[in-house]
Amino acid sequence: MNNDIFSSIIRRDSFFGRLNAGLKMGVMFLLIIAIMITKDPVTSLGFFGAQVLLVSLCGFNLLRLSFYLWPLLVALLTTGWSTALLAPKTGQILWDFGLNSISTGSLEVAVNMMLRALAMTIPSLVFVMSTDPTDLGDALAQRWRLPARFVLAALVALRLVGVLFGEWHALGQARRARGLGAGQSWWGRVRTAAGQCFALLVQAIRRGSRLAVTMEARGFGAGRRTWARESTVSRADYLVLAVSVLIIVAVYGLSAALGSLTFIWG
């Protein structure tokens, strides 16, 4: 991440930053899969609450993060609203718009979807914001024995996350310096934001093309490589893995005890 913007949220020399990058990726996928295979709101809420508590205790400032990732929250709310409109109308009708309506059943489906999305987003954000791209490449190649193309693609993708956030910030400042967005209506602000998104997409495509040519010219993935540093796994890594498994078992157990645990194939 861009250190100037996100240094107050999490540091890569923090507890999460010192963990093995490959193990963090494995824990992230483990939690996401555990959430994806369930569909009841109690399980989603349990995972969300447990993750918020854990990362807050480890120094991850979720409240400050929400101010910087507000587009993600807006997208989540709009998706929930669409789900509430399109889901089957069961239970009591809460709002009737003539052509469509929202019932207690469709609202429950929308809230559950948003909780699941939030619970899956937190591990991803912690992983991305606390992981050094070089450490991730070392771990995937040395520990996971993955092909060079996959390792290099993951390394570049993670490194570009911070670059794109920095470019978004720079684009916003440049547009404000030109007077764009000042005194506009809400529709004008939406159009300005859409234009900024398109500009960021163009920048990302250009940067990706340049990186592909540069890496090919330098022989990345052409043969066996040596390692400047070894990817190690410590007791803290195994502790995080054990805590993650414990969270999954505890949330599943609590949801089952309440009679709410439901899997997607059930």
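Biologist: At the start of α7, which backbone nitrogen does a side-chain oxygen of D132 reach?

Modeller: The nitrogen of T134, to within 3.1 Å. Helices here are DSSP runs (H or I, at least four residues), numbered from the N terminus. This is a predicted model, where local features need pLDDT of at least 70 and side-chain atom pairs count only at pLDDT 80 or more, while totals for chains, interfaces and linings use all residues. Residues are numbered from 1 along each chain as its sequence is written, and side-chain values use heavy atoms, leaving out hydrogens and water.

Biologist: How many residues of α7 are buried?

Modeller: Buried means under 20% relative accessible area, exposed over 50%, and partly exposed in between (1.4 Å probe, protein chains only). Eight of the 10 residues of α7 are buried, so this helix is largely enclosed by the rest of the structure. Among them are P133, L136 and L140. Their cover includes α2, α6 and α8.

Biologist: And R145, is that residue buried or exposed?

Modeller: R145 counts as exposed, with 66% relative accessibility. R145 sits in the loop between α7 (133-142) and α8 (148-177). Its phi is near 55°, a positive value in a residue other than glycine.

Biologist: At what angle do α2 and α6 pack?

Modeller: Axes are lines fitted to C-alpha atoms over the stretch in contact, and angles run from 0 to 180 degrees between N-to-C directions. Helix α2 (residues 21-36) meets helix α6 (residues 104-130) at about 175°, their axes 9 Å apart. That makes the two roughly antiparallel, a label for angles over 145 degrees. The contact (heavy atoms within 4.5 Å) includes M28 and L31 of α2 and M120 and F127 of α6.

Definitions and conventions: Parallel < 35°, antiparallel > 145°, perpendicular 65-115°, else oblique. Polar contact = N/O pair within 3.5 Å; in protein donor to acceptor, adjacent residues only side chain to side chain.
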